[in-house]
There are 2 protein chains.
Amino acid sequence: MSFDRLAEKICEKQNPTVAGLDPKLDYVPQYIKEKAFNKYGETLKGAAKALLEFNKGLIDALYEIVPAIKPQAAYYEMYGYHGVKTLYKTQEYAKSRGMYVITDGKRNDIGTTMEAYAAAHLGEVAVGSENISPFCADALTVNGYLGSDGITPLLSICEKYDKGIFVLAKTSNPSSGELQDKLIDGVPVYEYMGQMCEKWGERLPGKYGYTGVGAVVGATYPEQIAKLREKLPHTFFLIPGYGAQGATAKDISAAFDKNGLGGIVNSSRGIMCAYKKEGCDEHDYAGAAFREAARMKKEIMSCIGQIKLG
Amino acid sequence: MSFDRLAEKICEKQNPTVAGLDPKLDYVPQYIKEKAFNKYGETLKGAAKALLEFNKGLIDALYEIVPAIKPQAAYYEMYGYHGVKTLYKTQEYAKSRGMYVITDGKRNDIGTTMEAYAAAHLGEVAVGSENISPFCADALTVNGYLGSDGITPLLSICEKYDKGIFVLAKTSNPSSGELQDKLIDGVPVYEYMGQMCEKWGERLPGKYGYTGVGAVVGATYPEQIAKLREKLPHTFFLIPGYGAQGATAKDISAAFDKNGLGGIVNSSRGIMCAYKKEGCDEHDYAGAAFREAARMKKEIMSCIGQIKLG
């Protein structure tokens, strides 16, 4: 099962973190942009080529200590179909380096349309007599607002192609409570969504206690993380909000079980823009990303101790 | 304001319908597929080229009587970045024919990430000294599960570039009630989301009583449509679920105000696959789409009478 593979990679690196690759052009060192613009002009293609080179450098620097990447689809769509090509090439490159790939797309729809998203991001499509993978992620983030009709089409694809999903439960943003904290029969919406994840996950059981249906739970809400870990014992957590959004390693320690499993913590800007914060030469952007990832690993591991596969 | 333009196009055509362009390869006539596969092989590129030709034929047949198209992003992502290029080319072609373009992406995220989606689908991005539109829709469907942090980044872009959004409220699928019908302080989630649309919309007032923040309300729930029309007097409705999903013109007549404004009804498979239902020669697929669109217009207009701009 897909999250078994994720857990194994996390254990192997002793590092429950994922590098968010959300590459705005502003984050890319000048020398990379100049090279791409000289060759392709100040065009969407030029921008997309610059992002890909930036990402490859980050992946090369990180893959030995970080088990996974999480490209955020928005930052690729921002550069049109050229940007979307860079999303695919980034996934492909990270997989060639042995990394687990989570596409952060928060996709949602129903029935055959959700099947189309599932085939696109996690499965294959038939073209004449060929079956082709349009993208190549190991897992996809999704939004469960539409109910089971939006989630069950994914489960068959996850079963067939050994993939996983993370459903939004409690997001890391300040206004997440506007809907997610409201009570339904005395239970907050985010917990109700979490309970649906436990139910949906029954179809995708795993070796280490977690199913293939995970939940997104923001690092910025430590009390809710603790409560959800208790109530959702089979749901793996993808945890955004560490670093730039203000949460610390201590805030998220409750996400992990007694074996140190059960969650993966995202850092995007913290890693991608480490060279700006360090103030080092921009040619050393990947080195700075490595140093920040190593620091983050150390900080988080100091709170959760060793990671064991049960 | 963007929905003023939509209302004007609807009034001009006396037709409150939108053609959903959700082109699976299965829907495309054999002769179009063969031509594309002969030239580009059985590849994602070949598939994407076939879809584009199919879409262009539909647009040419429809633009004189149908005011808008709604391409569903999932069916383009299904063919990878080549498919996403076809999404862009389809939007561009429909706009060249004077049609209003609603991208059905149900996008959602927060802060700078939502800004990236907004820039991608509704705005512009800076590349060096150039400002470029990565896509070119007039409106985008979005999911409000993350609260105001997920919606307000869109409002500035809508203001600046004269665009609109449709927020999911009550979706057309059977299980939409799992979350959307649950009560929050005695109010169903879908109505609560609708109230937020009214609030968010205050920043984008329009000439004909409707703001630039619309709501998605399924045709399959006529009682809820009637209730929402009463409670959300400034919110324009995008109405899926007509035809293939079982709803009739009568079911949706309550979505419209006394001027016949306030809603636009989607038909996807009904129009795209009309040639299969008719059993006509596949070379006449666009003609069959026109005939079905004309039939649908007549049926809906018989329920709502004339459309006037206030």
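Helices (H or I, at least four residues) and strands (E, at least two) are taken here as DSSP runs, numbered from the N terminus. The structure is a predicted model, in which local features need pLDDT of at least 70 and side-chain atom pairs count only at pLDDT 80 or more, whereas totals for chains, interfaces and linings use all residues. Residues are numbered from 1 along each chain as its sequence is written, and chains are lettered from A and ligands numbered from 1 in the order in which they are written.

**Chain A as a whole**

- Chain A holds 14 helices and 12 strands, and because its radius of gyration of 19 Å is close to the 19 Å that the globule rule gives for 310 residues, the chain is as compact as a globular protein of that length; the radius is taken over C-alpha atoms, and the rule is 2.2 Å times the number of residues to the power 0.38.
- The C-alpha trace of chain A spans about 60 × 50 × 35 Å along its principal axes.
- Of the 310 residues in chain A, 61% are buried, a residue being buried if 20 or more other C-beta atoms lie within 10 Å of its own, exposed if 12 or fewer, and partly exposed in between, with C-beta atoms placed from the backbone.
- Among contacts in chain A between residues at least 6 apart in sequence, 73% join residues at least 24 apart, where contact requires that the C-beta atoms of two residues, placed from the backbone, lie within 7 Å.

**Between chains A and B**

- The contact between the chains takes 55 residues from chain A and 55 residues from chain B, and the side of chain B that touches chain A has 28 nonpolar, 17 polar and 10 charged residues; Ala, Val, Leu, Ile, Met, Phe, Trp, Tyr, Cys and Pro count as nonpolar, Asp, Glu, Lys and Arg as charged, and the others, Gly among them, as polar.
- Helix α5 (residues 80–96) of chain A and helix α5 (residues 80–96) of chain B have axes that come within 9 Å and cross at roughly 165°, the axes being lines fitted to C-alpha atoms over the stretch in contact, with angles running from 0 to 180 degrees between N-to-C directions.
- α5(A) and α5(B) are therefore roughly antiparallel to each other, a term that applies to angles over 145 degrees.
- The residues that make this contact are A:Gly80, A:Tyr81, A:Val84, A:Lys85 and A:Tyr88 of α5(A), together with B:Gly80, B:Tyr81, B:Val84, B:Lys85 and B:Tyr88 of α5(B); by class they are six nonpolar, two polar and two charged.

- A:Met78 lies in the loop between α4 (73–77) and α5 of chain A, and it counts as buried because it has 30 C-beta neighbours inside 10 Å.
- Not counting residues up to four places away in sequence, A:Met78 touches A:Gly83 in its own chain and B:Ala116, B:Ala119, B:Ala120, B:Val125 and B:Pro134 in chain B.
- A:Ala48 is 30 residues from A:Met78 in sequence, and the two are 9.5 Å apart in space, C-alpha to C-alpha.

**Asp162 in both chains**

- A:Asp162 has phi near 60°, a positive value in a residue other than glycine, and is found in the loop between α7 (148–161) and β7 (164–170) of chain A, where its 15 C-beta neighbours inside 10 Å make it count as partly exposed.
- B:Asp162, which is not a glycine, has a positive phi of about 60° and sits in the loop between α7 (148–161) and β7 (164–170) of chain B.

Key
Angles under 35 degrees count as roughly parallel, over 145 as roughly antiparallel, 65 to 115 as roughly perpendicular and the rest as oblique.
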